[in-house]
Structure formats: C-alpha cells, structure tokens
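Here's a quick briefing to read alongside the structure. Have a look at the chains first, then come back for the walk-through.

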Amino acid sequence: MSDTTPDRTTRHIPDRLQSPLSRALKSWEMLLLIVAVGIFILNALASPYFLDPWNLSDATFNFTEKAMIAFAMALLIISGEIDLSVGAIIALCSTAIGLAMTAGAQAPVLVLVGLGTGLACGAFNGVLVARFGLPSIVVTIGTMSLFRGISYIVLGDSAFTGYPAGFAWFGQGYVWWVITVELVIFALAALIFWLVLHRSNFGRMVYAIGNNATAARFSGIRVERVKFILFLLTGLMSGIAAICLTSRLGSTRPSIAAGFELEVVTIVVLGGVSILGGSGSIPGVVIAALVMGLVTFGLGLMNVPGIVMSIIMGLLLIGVIALPRLWTMLRRR
Amino acid sequence: MKLLKTLMTGAAALSLMATTASAEEMRIALVVKALGIGFFEAANKGAQEAAEELGDVEIIYTGPTDTTAEGQIEVINSLIAQRVDAIAISANDTDALVPTLKKAMDRGITVISWDSGVAPEGRQMQLNPSSSPLIGNMIIKLAADHLPDGGDVAVLSATTTSTNQNVWIEEMNKVAGDYPNVNVVATVYGDDLADKSYREAQGLMQTYPDLKAIIAPTSVGIVAAAQAVTDAGKIGEVNVTGLGLPSEMAGHVESGASESFAIWNPIDLGYSATMIAYHLAKGDATAEPGATIPIGRMGEVTLDENSEAAMADPFVYDASNVEEFSSIF
C-alpha cells in the first residue's frame, strides 16, 4: 500500500514558470528577429546589390530618423498616450534651424536651436495633456496642424538652403567606414531608452501608468509629471531627428517630414508595443525599425512600386500582430 | 532542405541573369514625383519608345507613393545601390534632393532632371518641357482668348511648394500687363488633391461672383475646377483653363466647362529625357552651357547658361483635337 503513495520529493515545483532562455525564444522580439533575418536573407537572395556595405549603409537612412522618435513614442504609448505631431515638430524645428542659419548662426547654435524648439513643442503638448487633462490624440492632431502651419507661414513657397558645411556632418557624415553619424545617434538613443525603460524607476512608472493610471497615482507616482516628461522627450527626439533630416536634405521646406507620424507609430506597434498601453520593449522597437528599413530597401532594390511597398508594409504589420493571436487560438483548440 | 536548395539555386540563377543583363544593357531610371499619375505614365511610354529605338537600353520606371522629397531620396538610394547608368528625375523638391543626387554623380551615375527641376549642383542638365515664360504667357492667353470683354480670373495652383506652378504663375504675372482686360483676383492652392482642389474652386466662385475664368496650371486642379463649375451649373459663365491631360479633360471640353487648355506632350518629354540621359551616359554628348544634345525624332536641344534646355512650345487642345489625343494620354 505504502508503495502506491506518490513520493512528494520527486514532484517538481518550478521556481520560475519558464526558463529565461525559453521565455526569450517565445517572445515577440524573437518572432520579429526571425522575420528580420528572414527578410535579410530573402533580400540577399533576390538582389545581387543587397550585400554591399555601402548600400546597406545608405539603406539605414530609411529608418534612423523615424526610429529615434519611435523610442520616445514607445514610452509615450506604453504610458497610454500618443503624439501625432512629431512630423510637424520636425517641420517647425527645421524652420527654426533655418531661421537661425539665415541670422548667421553656425552648426553648434543650429543644433541648440533644433533641440530647444523640439523641447518647446514637447512642453506645449505636455502642458495641454498633463496639466489640462486633454486627450493626447486630440491635442496632438491639433498641434500637428499648428506646428506645421507656423512653418508654412514662415516659409510659404520658399526654402531655406545653404546650411554651413559643418552642419552637414549630422545627416551626411560618417563616424567610421560605413557607420553613419545617424546610425550612431540611433544606437545611442536605443541604449539610453533601453536603460530608462527597462533599468530605471522611471521606466517602471511608465509601465505602471499605462496599466492602471489610477492605481499608479495611489502608489504615489506623479502621473502628470511623468507624462509631461514623456512629451518633452518625444519633442527632444523629434528635434534630434529634425537636425539629422535637415542636415541630410541640406534644405528646409514646410512639407519636410510629411507623414512621419504614421511611420513612427507603425514602427512602435510593429515593435510589439501595445497601442492600448502598458506593455512593450525597446529591443522590439529596434528590431521593428530594422524590419521597416530592410523591407523598404529590399523592395526598392527590386524596383517595386511604392504603392505595392505600402501594401506589403501594411500586410506585414497586420500579419506580425495577428500571428501570435492566431497561434494561441490554434493551440487552445 | 530540398526546398531551400531549390530556392538558393533559383536565386543564384536570377542574380546571375541580372548581372549579365546589366553588362549588356544601359539601365536608365526614370524617376517620377509619384507613381499612378497619368502624366508620368505617359512619360514612361515615351521613355519606352526611346529605349526601343536605341535598342540596348532598359528603362527602370520608378517613384515614391506620395510626392515627397524623402520618398524620392529612398528611391534614389536604391538606384545608386543598383548601380544604374543614368537617373532622369522629375523632382519633388529643388534642393532637398541635391545631396543624394550629388552622391549618385560621385559614384559615376549620369543625373539629369526633367519636368520639375533640381538645383544646378544636383544634376548635369535640366530638360524643361517648354520655357516657363512661354507657359506663363500661354495660360493667361488661353483665359484671355475666351474673354473678349475681359473680367476677373483666379488661379488654382498645386501646393505652395510646387516648383513648376510657382515659376509659371510668376511668369504669368510678369506678362499680365499685356492682357489689360484680364484681372487676376486670387491664387489658391488645392495641393494637387482632387477633393481639396474642388473645394478651393467652389470657394473661388463663392468669393468672386463675377469670376469669368479659373486658370489651373495643374492636371489635378483643372479637372477638379471643371467639375466644380459643372456642379455649380456655371458652364458658360466660368471658363476653366490651364494645363491638363486630354484624357481627363475631354469630357469637360465636350460639356463646355473648358473651352481650351494646354500641355506639352509628356510622351515626347519622357522620350527626350531618355535620349539625353543615354547620350550623356554613353559619353557622346556633354552637359555644359552652350552644348547641343541630339534628342532623336524631336531634333536637338541647346543648353543655356544654367545647363537648362527647353524641349518645345506648349500645345493647345480644344474641341477640335482633344478626342484624338485623349486616347494617348
């Protein structure tokens, strides 16, 4: 009889639900990484020009500026807010940089002007959302027209050109061999935002607010202050992107960076950030930016028309987001 | 594994084919402002015609989804990567494309602009479909021709940043004194979007009840304006003119919403741009002020001091010939 009683010592109770390795393997980031590698291999097979360091270096311009903003946008969306005015902030920053250039300013001042304008725009959005409690989607749709409108008033149909040679370094310069300045800024931004979101108290606060703002408030988190800082950060990153883009184009028109906001949000959502807030990671956003860049460049090499390219991008977005849900649905059966 | 192997062999064969093709043929990229615009599709037709005539030319017809400089830069970067022989571009922005096109020229690619130009440092030459003074004069002349007693006219343009439209309107204003009866009362911008242009045209008719003509020097704007005039029941009162495509305007010429309009032949333009790109890339012509470049059946062009050349005069379409051309473009 005693032989049949189950031996308690052999029963295994795991102290973790999954090992870190298997959790990582099943994660969203891993799925995206597989997609990215797959696209990379397909591109390399489809075009003889793809595996050229200089070509790949050129291709990074397809996403670097948008991805810089996407990091800040990821934090904002995780906290449950959104900023649709980022493209317009770029236009206003670029216009301000152009005005400073016309006044005779050199590269260091131009950079400060760009950063300052970005921060000011972010602060404006932040005050309206955090202080007055207005919905961010409404506020930033408004400031999207406002900021770009100011650019149009200043510039009309003219353009700022003739930026000083030193300023070209940000968007056209190389740090080492094929590594562009923009790519380094992108990598640094990724590292900093990773530290902020995943390794700091501030990052925990952002998640807490996104999951339950009321609970976060009762836990002593100053919700408004955190949101204000997030809008400031988004403005700042848009300012940095504006410096890079203005430097790369060597000119400013009020239509600069038109439609950037949707591409930035696409990168963030593709990166696994929940559009409802509360979850997401920086590595996901980094890989999503790479996927976007690889897809547009690869299709460009095959001279696929832009219309088809946006269809593929859309299908990819829906596909990558639907896949995990389909997977769980099928497994439950 | 077998599938992978088949795929790899297939891809290898494909890439091999691509390399041999590029060794034999000259690849000329025709980069347009955005795909899906009738005018540029017609230009592509002309480019294909030139390629057929030249024999050893492959045309890569490409462009972004919407008319942005950023989109065109992505396209140019991928063309540089493919090491095409020549790029012939109709630019969305005079200045923003310069750094990228300079890079293309640094890597040995022939770069010319056509239709909407690029600043001189970003291209070897610019092919204008016509000369801007001639176009500016033509659009106001078309309005004046059907206004024997004179009256108020308004301009419906594309975007405030459209290089072409701004130059033409500027030239039009320069010669406005030659048409003393014609009074230009306003310039509005429909952003080359059908619905916005339509609303702007409606707005013009409401703001200026005595309006006699709308000049729309854009193929999107002129159709929207003609539709707005038709819908307002003002055919015969407000004449819509400017620059448009025969295929899109034939109905409006027939209904009387538009007496006449002008356009150069985009087929000829794509043809000529391809011819010039071919000769420059081949090295049997040079792009410098005063140089002459042959353009096949269109004759030849001579470059001015800015390395710009004009192809031909704009051509007027009215009830007598619009049907014939509407099947072409």
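Let's start with one stretch of chain A: residues 30–51 are 77% helix and 0% strand, and their end C-alpha atoms lie 23 Å apart. Bear in mind that this is a predicted model.

**Chain A: the overall picture**

- Chain A has 15 helices and 4 strands.
- Along the principal axes, the C-alpha atoms of chain A fill a box of roughly 95 × 55 × 35 Å.
- Out of the 333 residues in chain A, 47% are buried.
- If you take the contacts in chain A between residues at least 6 apart in sequence, 78% of them join residues at least 24 apart.

**Chain A: the annotated spans**

- The unreviewed UniProt entry places "transmembrane region" features at several spans of chain A, including 30–51, 109–130, 137–155 and 175–197.
- Also on the UniProt list for chain A are 228–250, 256–277, 284–301 and 307–327.
- Residues 109–130 of chain A are 100% helix and 0% strand, with end C-alpha atoms 30 Å apart.

**Where chains A and B meet**

- How many residues does each chain put into the contact? Chain A gives 34 residues and chain B gives 32 residues.
- On the chain A side, the elements that give two or more residues are helices H2 (28–46), H3 (53–59), H12 (223–249), H14 (282–301) and H15 (306–332).
- H14(A) supplies the largest share of that side, with 4 residues.
- By class, the side of chain A that touches chain B has 16 nonpolar, 13 polar and 5 charged residues.

**Chain B: domains and annotation**

- Chain B is divided into domain 1 (2–129 + 266–312) and domain 2 (132–263).
- The C-alpha centres of domain 1 and domain 2 of chain B lie 32 Å apart.
- Contact between these two involves 5 residues of domain 1 of chain B and 6 residues of domain 2 of chain B.
- The side of domain 1 of chain B that touches domain 2 of chain B has 1 nonpolar, 4 polar and no charged residues.
- According to UniProt (unreviewed entry), residues 28–284 of chain B carry the feature "domain: Periplasmic binding protein".
- That span of chain B, residues 28–284, is 47% helix and 20% strand, and its end C-alpha atoms lie 16 Å apart.

**The largest nonpolar core**

- Which residues touch the most other members of this core of 199 residues? They are B:Ile87 and B:Ala88.
- H14(A) gives the most to the core, with 14 residues.
- Domain 1 (2–129 + 266–312) and domain 2 (132–263) of chain B both give residues to this core, so it lies between them.
- Setting aside neighbours within four places in sequence, B:Ile87 is in contact with B:Ala29, B:Val31, B:Ile76, B:Leu79, B:Ala104, B:Ile109 and B:Val111.

**Helix H5 of chain B**

- Helix H5 of chain B covers residues 132–145, and its 14 residues reach 20 Å from first C-alpha to last, close to the 20 Å expected at 1.5 Å a residue.
- Why is H5(B) largely enclosed by the rest of the structure? Because 11 of its 14 residues are buried.
- Among the buried residues of H5(B) are B:Leu134, B:Ile135, B:Met138, B:Ile139 and B:Leu142.
- These buried residues of H5(B) pack against several elements of chain B, including strand S6 (151–157), helix H6 (163–175) and strand S7 (182–189).

**Two residues to look up in chain B**

- B:Asp152 sits in strand S6 of chain B, and it counts as partly exposed because it has 18 C-beta neighbours inside 10 Å.
- Leaving out neighbours within four places in sequence, the contacts of B:Asp152 are B:Asn183, B:Val185, B:Tyr208, B:Asp210, B:Leu211 and B:Lys212.
- B:Asp152 and B:Thr100 are 52 residues apart in sequence, and their C-alpha atoms are 44 Å apart in space.
- B:Lys174 is in helix H6 of chain B, and with 14 C-beta neighbours inside 10 Å it counts as partly exposed.
- From B:Lys174 to B:Thr241 is 67 residues along the chain and 19 Å between C-alpha atoms.

Technical notes: Residues are numbered from 1 along each chain as its sequence is written. Chains are lettered from A and ligands numbered from 1 in the order in which they are written. This is a predicted model: local features need pLDDT of at least 70, side-chain atom pairs count only at pLDDT 80 or more; totals for chains, interfaces and linings use all residues. UniProt positions are given in the numbering used here, feature names are shortened, and annotations may be inferred rather than shown by experiment. Domain bounds come from an automatic or database domain assignment. Two residues are in contact if their C-beta atoms, placed from the backbone, lie within 7 Å. Ala, Val, Leu, Ile, Met, Phe, Trp, Tyr, Cys and Pro count as nonpolar, Asp, Glu, Lys and Arg as charged, and the others, Gly among them, as polar. The expected span of a helix is 1.5 Å times one less than its number of residues. A residue is buried if 20 or more other C-beta atoms lie within 10 Å of its own, exposed if 12 or fewer, and partly exposed in between; C-beta atoms are placed from the backbone. A nonpolar core is a set of buried Ala, Val, Leu, Ile, Met, Phe, Trp, Tyr and Cys residues joined through C-beta atoms within 7 Å.
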